[in-house]
Amino acid sequence: MALFTLLENHIGFFHDTVRPALDGACQTVQGGLVSLLGEKSAIGVNFCRFVEGAWLTLELTMTALVIGLMLALPVALARLSRNPLLKWPAFGYMFYFRGTPLLVQIFLIYYGAGQFSPELRQWGLWDGLFREAYFCAVLTLVLNTTAYSAEIIRGGIQNVPFGEVEAARACGMSGRLLYRRIILPKAARIALPAYSNEVVFLFQATSLVSVITLLDLTGIARDVISDTFRTFEVWIFTLLCYLAISYCIFWLFKRLERRLMRHLQRRPASQAPLNAAG
Amino acid sequence: MKIVKILAGAALALVVAAGAAQSGEMRKVKIGTEGAYPPFNSIDTSGKLVGFDIDIANALCKAANFECEFVVQDWDGIIPALQAKKYDAIIASMSITDKRKEVVDFTGKYYNTPAKFIGAAGATYDFTYDTGLAGVKIGVQGSTIHEDFARAKWPKAEVVTYATQDEANADLASGRLDLVMADSVALDEGFLKTDGGKGFTFLGDNYNDPKYHGNGAGIAIRKGEQDLVDAFNKAIQQIRADGTYKAINDKYFAYDVYGSES
Amino acid sequence: MFDYKGYEWVFWEGLQVTLLVGLATIPVALTMGLLGAWGKLSKNRLARILANTYTTVVRGSPELVLIILVYYGLTIALQDLVAALTGDESGIDIPRFPAGVITLGLIYGAFATEVFRGAYQSVDRGQIEAAQAYGMNRKQMVLRVILPQMWRFALPGLGNLWMVLIKATSLMSIIQLPELMRMADVAARAVRLPFTFFLTASFIYLGITILSIIALSRAERWAARGVRRA
């Protein structure tokens, strides 16, 4: 909730309007669920907690996504560079974070930092940074998604049809202009389906931060179960939440794809050119 | 006549054998434990389960004539796994509380020690209920009486839950937490007396509120298996009476952990 | 820093279980993948709906939640079912290893469905037409023409799935299956050296990845034998 808390404390709009509105909304729904499902229903009574958990999940996803994407482009370019000083570190970093499980990375950074807390304290990296589970979670997710996103971008760039690059060079484009006008836009369109998978994967992967004390949707689910012992219903409900949000993300990307590929849509049959090869 | 004698002898032998098999047949009982709560239950360097709970469990099984097998299970899912019949009894320092009694049955206690805080030596905190420990980070293991107690008595504190006691202790040692609350013996033997526990000490009082801490640690059994509950209760009384309990107690602790007979 | 304080054995024990889980999952995932692809491409509407529901649910769920659901929830559901049908209260237990293999098999089977579907659609139409011209019936066509060629197209995708699968076995630690991650965790907690143990474990996973990449490129080269390179 760190980002939201930050917004809350500094922007009056959030404090006065959004937060009470959200609280009021979830209380209303919770009241409705409790009267519908009864006083003892695990989901009804704890609905607002689930909403908070879902909020933290989305917050973590968005934060890691935005930072990850910003970092992935330079890393991808470094990976494609001919300069070995850029290529090999990028390759090594991507190889490590794609070749090891996310769970291991999370434990490594969070508890590993704990093992070295005296040294980190000395370097001023402890308080506010590695001390906080939120920071460790975001750091791990960013490192992980940057590596995967850089690989996707690299694949996109390398699959830009050579003909287009040739034509651009023939027109006299080179360097940054070439990248900006020709390569990157095309690469983005090629990479979009793969990237949508990465976004959904990241969203689902946030469920792992529950193992380092953060109360995301999965963390809240485990908490509610330990309170009420209603294992099956709570997990099914949590699963449905993840399903619903995952498909919203897929749907958003489908719309984005359709928008970006408008110029590549097939014409209706009646207008098909007679001599078209495809 | 000879044939009758042979047949009679065979029949007799069969009856004896059947009788012997019957009396030698032990009930198989699977026991769930955590394996991450020294000195009560933990896993040693060779991968074996060791600890007070384990020794007590073995003694009880011997007394009740059970053939016991241990199953390691994380604390989070220890009751759901019991309900899923992955084992038949939980012997893992689980306190007998009303909340748990709603879903499982308990035997009588087999030990009862108070809960305490640990924190950095020399630190002072305001431990008054309801208003104290404002903004203080308290680490507890999730799904425990200590979590419920901390949340109820110090609502202004920030209670952080961990999957295992060790993880909470690790975060206390690294400075992410100000205090950790758990069973005083587990904290003493499992943390304070180890290398990692240097510079930390007990703070505050002994806490033993029956509403939250229940009546000590007991054996949890699925509802509807009263015979198993009775068998274990009988076994507990037996090992208390014949000195086995004392022997195990003294092996681990310099004081009596059973507490008062109640 | 690399003093394991007597717990060195955890890595070998854990690695064995990790590899076993991965290898055991392959047949399950491949079967589910082929079934799913067949269902999705089928003319039968019910088959299509089932296959699509299967992949939809699996793609939208976090693996962690599915694993916990299968291990606890499915067990309880099965027990209730058996009790309701036969009155037998003794209960079926799904032990950790099968629960893990089933869950991973279902999850990666759904992904394999997409791989197989794409591979099937990549087989040259000309080959299918030629087979039909020869009078092959559907079964002969599938066995002799389509499947052998499908493998060539499916291999890169399946190879990627294997690499992701091997890392996903680390989630089995949540249900205390004694694989590599769980064993490293047990040791790390016992001696308070999380960085040491998790770093070593991560290098072992890297090692598996490297060996897998080598093996897979060999396999891809074998599968593409006889194909003229453009």
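**Exercise 1. State the accessible surface of chain B and the share that belongs to carbon and sulfur atoms.**

Solution. The accessible surface (Shrake-Rupley method, 1.4 Å probe) of chain B is about 11,300 Å². Carbon and sulfur atoms hold 55% of that surface.

This is a predicted model, where local features need pLDDT of at least 70 and side-chain atom pairs count only at pLDDT 80 or more. Residues are numbered from 1 along each chain as its sequence is written, and chains are lettered from A in the order in which they are written.

**Exercise 2. Find what share of chain B is buried.**

Solution. Chain B has 262 residues. Of these, 54% count as buried, that is, under 20% relative accessible area with a 1.4 Å probe, protein chains only.

**Exercise 3. Describe the contact of chain A with chain B.**

Solution. Start with the residues: 21 come from chain A and 22 from chain B. Contact means heavy atoms within 4.5 Å. Next, take the area. The two chains bury about 1,600 Å² between them (accessible area, 1.4 Å probe, lost on being put together, summed over both). Carbon and sulfur atoms account for 44% of it. Last, on the chain A side, A:Tyr111, A:Arg131 and A:Phe229 lose the most area to chain B, together 38% of what that side buries.

**Exercise 4. Work out which kinds of residues form the contact of α13(A) with α3(C).**

Solution. Helices here are DSSP runs (H or I, at least four residues). From α13(A), the residues include A:Phe232, A:Trp235 and A:Leu239. From α3(C), they include C:Leu69, C:Tyr72 and C:Gly73. Now sort them: twelve are nonpolar, two polar and none charged. Gly counts as polar in this scheme, and Tyr as nonpolar.

Terms used: Heavy atoms only, no water. Helix = DSSP H or I, 4+ residues; strand = E, 2+ residues; numbered from the N terminus. Buried < 20%, exposed > 50% of the residue type's maximum accessible area, 1.4 Å probe, protein only.
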